[in-house]
Amino acid sequence: MSQSILITGCSSGIGLCAAETLLKKGYRVFATARKESDVEKLRELGLESLQLDVNDSTSIRNALATILEKTGGTLDAVFNNAGYVQPGAIEDLSRDDIRAQFETNVFGVMELTTLIIPIMRKQGHGRIIQNTSILGVVAMPYRGAYNASKFALEGFTNTLRQELKNTNIHVSIIAPGPIETKLQDNAHQHYVETLKGKQTIHTELYKEMEKFLILPPDKKHFITSEPDAVVKKLIHALESPNPSAHYFIGWAAQIFAFLRRILPDKLMDSIAIRSVRT
Ligand code: NAP
């Protein structure tokens with residue numbers, strides 16, 4: 001029987017690439033998206049798609065109930081992928097901006113994951129794979145809300161892996177460096193909604209940041225990888241008898257993760273400040 005997997009955030013980018021690739025490999029993919037129009041598009045691609053907004057508990061529970069009805073109560077794997085970047089200096093972000101970032105990148109993942117653990121315990125196996133980021137390990141200026149959310153997800157997942165150690169449920173973290181997706185476009189949208197037009201000490205810097213966020217794909221940074229680089233490691237996390245705890249995607253993520261381990265905080269700060277593309 002084919003392996004079943006629930007993926008969040010399949011409207012674009014890594015989630016879409018993962019859904020299509022795993023479908024081709026013979027997985028039973030439940031490709032979820034928060035907008036009905038994207039659910040329709042995913043169905044047209046031959047995927048079993050359902051509406052799932054990770055900010056909404058009812059939507060999470062309804063999607064999971066429908067999936068369990070279809071599978072007879074089992075689910076082999078979950079890839080918690082949905083997320084976005086709230087850019088901006090910490091001092092310019094409101095409590096609501098930061099709460100919204102955590103609702104999507106942290107609390108939604110926590111809720112879905114804790115609902116799935118009893119299913120995996122009952123069936124005696126499972127794979128839980130979180131899409132964090134190199135920014136869940138290394139701090140960067142003007143990404144404080146996103147950093148905080150991904151650091152939180154790393155902490156949650158590291159604890160979960162320890163708590164599930166003597167079960168047949170494997171927990172892995174995929175921490176990508178820059179990947180060519182709509183993440184920057186969506187970050188720009190969040191910037192427009194929360195910060196654009198506000199007068200702050202960072203206003204001039206935000207103008208530079210905006211130029212970077214709206215760069216066309218062919219002008220993007222040379223360190224950017226394609227989504228299939230993430231999916232390759234996702235497949236390892238799903239299929240290896242001994243999946244890794246952490247997969248860093250792309251050489252930039254690997255170098256930064258290594259530097260983080262060996263350098264003192266203040267030296268790491270200087271490198272992060274110099275390398276940030278505001
Ligand atoms: P993307 O193309 O913007 O995809 C993000 C996905 O998350 C979209 O499907 C988006 O749906 C979905 N999403 C956002 N809020 C949601 C919600 N409340 N409920 C359900 N889905 C929601 O960017 P991506 O790069 O593929 O991002 C996927 C994951 O990779 C994110 O967690 C991101 O933090 C992580 N990541 C990306 C990079 C990178 O450089 N691209 C690097 C490190 C980590 P809508 O279309 O409806 O907004």
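**Note on the ligand site and surrounding fold**

1. Helices H1, H5 (144-163) and H6 (183-194) each supply at least two residues of the shell around the ligand. The model is a predicted one, and the points below should be read as computed from it. In total, 29 residues surround the ligand. The closest of them are Ser11, Ser12, Arg34, Tyr146 and Thr181.

2. The make-up of the shell can be given by class. It holds 14 polar residues, 10 nonpolar residues and 5 charged residues.

3. The side chain of serine 12 has an N or O atom 2.7 Å from an oxygen atom of the ligand. A polar backbone atom of glycine 9 is 3.1 Å from a ligand oxygen atom. At asparagine 55, a polar side-chain atom lies 3.5 Å from a nitrogen atom of the ligand. On its own the ligand has 890 Å² of accessible area, and the protein covers 96% of that.

4. Asparagine 55 also has a partner within the protein. Its side chain makes a polar contact of 2.8 Å with the side chain of threonine 104. Threonine 104 belongs to helix H4. Is threonine 104 buried or exposed? With a relative accessible area of 10%, threonine 104 is under the 20% limit and therefore counts as buried.

5. Next, the strands. S1 (residues 4-7) and S2 pair in the parallel sense, with 4 bridges between them. Within this pair, isoleucine 5 stands opposite valine 29 of S2.

6. Two bridge partners can be named here: phenylalanine 30 with glutamate 48 of S3, and alanine 33 with glutamine 51 of S3. The path from S2 to S3 runs through helix H2 (residues 36-44), and this β-α-β crossover is right-handed.

7. How many of the residues of S2 are buried? Strand S2 (residues 28-33) has 6 residues, of which 5 are buried, so that the strand is mostly covered.

8. Tyrosine 142 deserves a check of its backbone. Most residues other than glycine have a negative phi. Tyrosine 142 is not a glycine, yet its phi is positive, near 70°. The residue sits in the loop between strand S5 (126-131) and helix H5. Tyrosine 142 has a relative accessibility of 19%, which is under 20%, so it counts as buried.

9. The side chain of threonine 194 reaches the backbone oxygen of histidine 190, at a distance of 2.6 Å. Threonine 194 is classed as buried because its relative accessible area, 17%, is under 20%.

10. Lysine 122 is placed in helix H4 (residues 95-123), the helix that also holds threonine 104. Why does lysine 122 count as exposed? Its relative accessibility is 78%, and the class requires over 50%, so lysine 122 counts as exposed. Lysine 122 is 49 residues from glycine 73 in sequence, and the C-alpha atoms of the two are 9.5 Å apart.

11. Histidine 236 is found in helix H8 (residues 227-239). At 38% relative accessibility, histidine 236 falls between the limits of 20% and 50% and so counts as partly exposed. Between histidine 236 and tyrosine 247 the separation is 11 residues in sequence and 9.5 Å in space, from C-alpha to C-alpha.

How values were computed:
Residues are numbered from 1 along each chain as its sequence is written. This is a predicted model: local features need pLDDT of at least 70, side-chain atom pairs count only at pLDDT 80 or more; totals for chains, interfaces and linings use all residues. Side-chain values use heavy atoms; hydrogens and water are left out. Buried means under 20% relative accessible area, exposed over 50%, partly exposed in between (1.4 Å probe, protein chains only). Two strands pair if DSSP finds at least two bridges between them. A crossover is right-handed if, with the strands pointing away from the viewer, the path from the first strand over the helix to the second runs clockwise. A residue is near a molecule or strand if one of its heavy atoms lies within 4 Å of it. A polar contact is a pair of N or O atoms within 3.5 Å; within protein, one must be able to donate a hydrogen and the other to accept it, and residues adjacent in sequence count only if both atoms are side-chain atoms. Accessible areas come from the Shrake-Rupley method with a 1.4 Å probe; for residues, only the protein chains shown count as cover. Ala, Val, Leu, Ile, Met, Phe, Trp, Tyr, Cys and Pro count as nonpolar, Asp, Glu, Lys and Arg as charged, and the others, Gly among them, as polar.
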